[in-house]
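Here are some brief notes on the model, point by point. Please read them alongside the structure.

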Amino acid sequence: PQTNVIDVHISRLRSKIDKGFTPPLLHTIRGAGYMVRDGAR
Amino acid sequence: MTALGKLLRTTAFRLTLVYLVLFALYAVLLLGFFALNARRLVTEQITTTVDTEVSGLAQQYEQGGIRRLVQVVDIRSRRPGSSLYLVATPTGQGLAGNVSSLEPGTLGQTGWVETAYRRLDAPEGSEHHALVRVSELPGGFHLLVGRDVEERERIYDIITTAGRWSMAVVVVLGLGGGFFVSRRILRRVDAITEKAQTIMAGNLSGRLPVAGTGDEIDRLALNVNAMLDRIESLMRGFKEVSDNVAHDLKTPLTRLRNRCEAALRSARTEEEYRAALNSTIEESEQLIRTFDALLMIARAEAGEGGRYMADFDAAETARGIGELYEPVAEQKGFRFVVEAPGPAIVRGNRELISQALANLVDNAIKYAAPAPSGADAAPPTLQILAGTDGDHVVLTVVDAGPGIPERDRAHAVERFVRLEQSRSLPGSGLGLSLVSAVAHLHHGELRLEDNGPGLKATIILPRAGPPGSDAITSGTD
């Protein structure tokens with residue numbers, strides 16, 4: 001797909017699980033994809 | 001090969017020759033049969049006449065002895081146009097009749113004899129042939145009665161002469177006709193060959209000559225011409241595509257190189273290098289996407305996707321695409337509607353069809369997005385519809401955007417074609433090409449219609465599997 005379909009999905013997801021929390025769980029790995037990771041470690 | 005040799009080698013000439021030989025054989029048989037039969041008929045007439053005379057004369061002999069016979073024969077042989085008569089003593093001395101000489105030994109035989117003779121009334125004339133019947137009368141006398149066979153031979157001769165002449169005429173006319181027909185055909189074949197050679201030499205726009213008679217050579221030429229049309233359009237398409245590929249890939253590659261150059265020249269900090277690298281990666285990803293799309297189209301057009309054909313529910317695929325695009329569509333301000341109750345079973349490559357549908361939705365989002373300002377205006381609708389219509393499965397994406405002008409619709413599905421209004425937006429110009437290629441791969445079609453306003457893009461595919469709900473899903477929910 002040309003448009004940023006995945007980006008929008010992820011941003012929605014991010015707004016649901018990460019909004020208002022630090023550190024974030026959902027990380028963007030450039031060139032590979034996304035990862036759920038405990039930001040502290 | 002000489003011109004004559006070429007002529008003699010043509011199929012037409014050979015066929016003529018074979019036909020001529022067969023016909024001649026048939027004519028010889030027919031004429032021979034006719035001649036022999038005519039001859040037999042005349043012979044039969046002669047023998048019947050002679051038999052009648054012999055039995056009459058024998059009767060006379062029985063009643064009046066040799067004297068009476070001699071008298072009767074004498075009278076009969078004086079009649080004009082009479083048969084041949086001879087009454088002879090046992091020693092062979094003539095007593096009466098109109099025969100002056102015979103082949104020696106004729107009288108010694110009895111029954112039917114063919115012999116040469118001279119008539120008494122024409123002793124100096126040439127010898128003639130006759131068919132005679134010699135009978136021995138009681139008392140040793142010979143009675144010879146016969147008829148000239150010259151007439152019979154003449155009829156026979158006439159027939160055989162006519163036969164020979166007509167054979168000669170048949171052969172001459174047949175050969176002449178063969179030459180004529182072969183030369184006509186050869187001329188046309190030569191014209192076609194000549195043209196074909198110029199086409200082979202690179203002039204693809206040349207076409208074979210068509211005489212307009214609608215015969216087999218014309219049909220062949222027409223078909224070859226149709227083939228050439230197809231080849232020419234394929235070649236043109238191929239050339240266009242390679243031109244476009246070269247052009248469209250050169251631009252981003254040049255940009256990429258320039259960006260790297262600029263970074264090398266002016267970047268100082270690690271941050272700046274990082275940013276430059278990131279932008280090159282983005283640029284290359286765009287390139288890779290273009291290549292992927294090209295490869296996918298090429299595969300779909302080559303029918304390679306056919307290896308992964310399976311029955312699946314296109315309505316389910318449509319729902320999946322809907323789910324995938326819903327957030328983006330809503331973010332861009334569409335009222336997003338998916339109507340795909342299914343099942344709409346299609347035999348095909350699920351991935352390709354799903355990609356095609358995604359391309360249509362993608363286009364709709366890209367080109368029909370409302371201006372971001374108007375929150376007060378009613379949001380435009382973007383619909384995905386999937387359903388069946390008779391023998392077809394119909395996947396439709398409807399938007400309310402600017403649409404595509406009718407004159408551009410056929411053009412829009414070509415590779416790398418970007419219509420005027422869309423030049424400013426990102427894109428490779430390959431989206432609709434892929435949709436069209438996928439539809440064709442599945443023996444279907446892509447239809448672009450006016451939604452007034454907006455575009456209604458429909459993928460029509462042949463339906464597979466058991467008949468399900470026949471109701472086409474439509475309407476605006």
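1. Chain B holds an open sheet of six strands, ordered β2-β1-β6-β5-β4-β3, with antiparallel pairing. Strands are DSSP runs of E of at least two residues, and helices are runs of H or I of at least four, numbered from the N terminus. Two strands pair if DSSP finds at least two bridges between them. β2 (94–97) and β3 (99–102) of chain B stand at the edges with a single partner strand each, so one side of each has no neighbour in the sheet. On average, neighbouring strands are turned by 35 degrees against each other, direction ignored.

2. This is a predicted model: local features need pLDDT of at least 70, and side-chain atom pairs count only at pLDDT 80 or more, while totals for chains, interfaces and linings use all residues. Residues are numbered from 1 along each chain as its sequence is written, chains are lettered from A in the order written, and side-chain values use heavy atoms, without hydrogens and water.

3. β3(B) and β4 (residues 111–119) of chain B run antiparallel, joined by three bridges. Ser101(B) has Arg118(B) as its bridge partner in β4(B).

4. Chain A and chain B bury about 1,200 Å² between them, with 54% of it on carbon and sulfur atoms. Buried area is the accessible area (1.4 Å probe) that two parts lose on being put together, summed over both. Ten residues from chain A and 17 residues from chain B take part in the contact (heavy atoms within 4.5 Å).

5. Glu330(B) and Arg12(A) form a side-chain salt bridge at 3.5 Å, N to O. The rule asks for a side-chain nitrogen of Lys or Arg within 4 Å of a carboxyl oxygen of Asp or Glu. It finds one salt bridge across this interface of chain A and chain B.

Notes: Axes are lines fitted to C-alpha atoms, for helices over the stretch in contact, and angles run from 0 to 180 degrees between N-to-C directions.
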